[in-house]
Amino acid sequence: MKRAVVANGRRVEYTLIQSSRQNVLFQALPEAGLRVYAPKYLRLRDVDDMVRQRADQLLDMQRQSEARLEADRRAHPVTDGSPILIEGKRCVLRLRQGSRRTGKLVGDEYHLTLPCPDSDADVRAAIRATLSTVALKRIRERLDYYGPRIGRAPGRVAIREQKSRWGSCSRKGNLNFNWKLIMAPPQALDYVVVHELCHLHEFNHSPRFWALVAAQLPDYAVWKKWLKAHGEDLYL
Ligand SMILES: [Zn+2]
């Protein structure tokens, strides 16, 4: 659940994860932002208060985690031959210089062409952009497959750079997906596709909603858990 508080004029956004745990845990992730794990019985405004009281410390943790990721990126530039995770498989990046930016999965290699293949930032941006296109194509294929089975067709479908969400469904029936799903195993991508399609029937997370998901994917819980456990490893 997304939450935000204001402390000393600064906005602190965080994702609240409620569980059966007994204590509160604060975590800063460079791409997913701040996370607060809290027991279910704790009231939302009490969690907000805890975040507000620790605002300086939490914003500091966030800055440090982003700095660590930046340092890690500098230490490990993405270059020809670098490993890259696609559809849950470890692939090898093949870099070429060319006038147009294109990306193509060829067996276990990802062939990336771009005008300036020397700058790490350009290479990363090109991977994101081209993998987003690959992701959209794959997601449309899976929507075409599951849509008729679920009996719903989405409105607009788009890829968004979302920090900590895999997909979302609007009241109008438009669906958004996170480009990083293309790095996850295909079953995890299917789970998110089915999840969002089922919201076109049930705009909630009721038992009826989960029964619709389970009717398509009996083992959906495995992939739901997988994304929770490994989602943070999917970054570039
Ligand atoms: Zn949902």
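Strand β3 covers residues 25-29 and β4 covers residues 33-39, and five bridges join the two, running antiparallel. Together β3 and β4 make a hairpin, with three residues between them. When I say strand or helix, I mean DSSP runs numbered from the N terminus, E of at least two residues for strands and H or I of at least four for helices. And two strands pair if DSSP finds at least two bridges between them.

Quick housekeeping. This is a predicted model, where local features need pLDDT of at least 70 and side-chain atom pairs count only at pLDDT 80 or more, while totals for chains, interfaces and linings use all residues. Residues are numbered from 1 along each chain as its sequence is written.

On to the sheet. Here we have four strands in an open sheet, in the order β5-β6-β8-β7, with mixed pairing. The edges are β5 and β7 (102-106), each pairing on one side only. From one strand to the next the twist averages 35°. Zooming in, β5 and β6 are antiparallel, over four bridges, and I84 has C91 in β6 as its bridge partner.

Most residues other than glycine have a negative phi. N8, though, is not a glycine and has a positive phi of about 50°. N8 sits in the loop between β1 (2-7) and β2 (10-19). Buried or exposed, then, for N8? Exposed, because N8 has 9 other C-beta atoms within 10 Å. The cut-offs: 20 or more other C-beta atoms within 10 Å is buried, 12 or fewer is exposed, in between is partly exposed, and C-beta atoms are placed from the backbone. The other one is E87, again a residue other than glycine, with a positive phi near 50°. E87 is in the loop between β5 (83-86) and β6 (89-97), and with 17 other C-beta atoms within 10 Å, E87 counts as partly exposed.

Now the inside. A nonpolar core here means buried Ala, Val, Leu, Ile, Met, Phe, Trp, Tyr and Cys residues joined through C-beta atoms within 7 Å. The largest one has 33 residues, and those touching the most other members are A135, L181, I182, A188, V192, V193 and V194. At least two residues each come from β8 (109-114), α3 (120-150), β11 (175-178), α4 (186-198), α5 (207-216) and α6 (220-230). Which helix gives the largest share? That's α4, with eight residues. Apart from this core lies another, of nine residues, including Y14, V36, V47 and L58.

Axes are lines fitted to C-alpha atoms, for helices over the stretch in contact, and angles run from 0 to 180 degrees between N-to-C directions. V194, H195 and C198 of α4 make the contact with F209, L212, V213 and Q216 of α5, where contact means C-beta atoms, placed from the backbone, within 7 Å.

With α6, the axis of α4 again comes within 9 Å, and the two cross at roughly 105°, so α4 and α6 are roughly perpendicular. On the α4 side you've got Q187, A188, Y191 and V194, meeting Y220, W223, K224, W226 and L227 in α6.

Key: Two residues are in contact if their C-beta atoms, placed from the backbone, lie within 7 Å. Angles under 35 degrees count as roughly parallel, over 145 as roughly antiparallel, 65 to 115 as roughly perpendicular and the rest as oblique.
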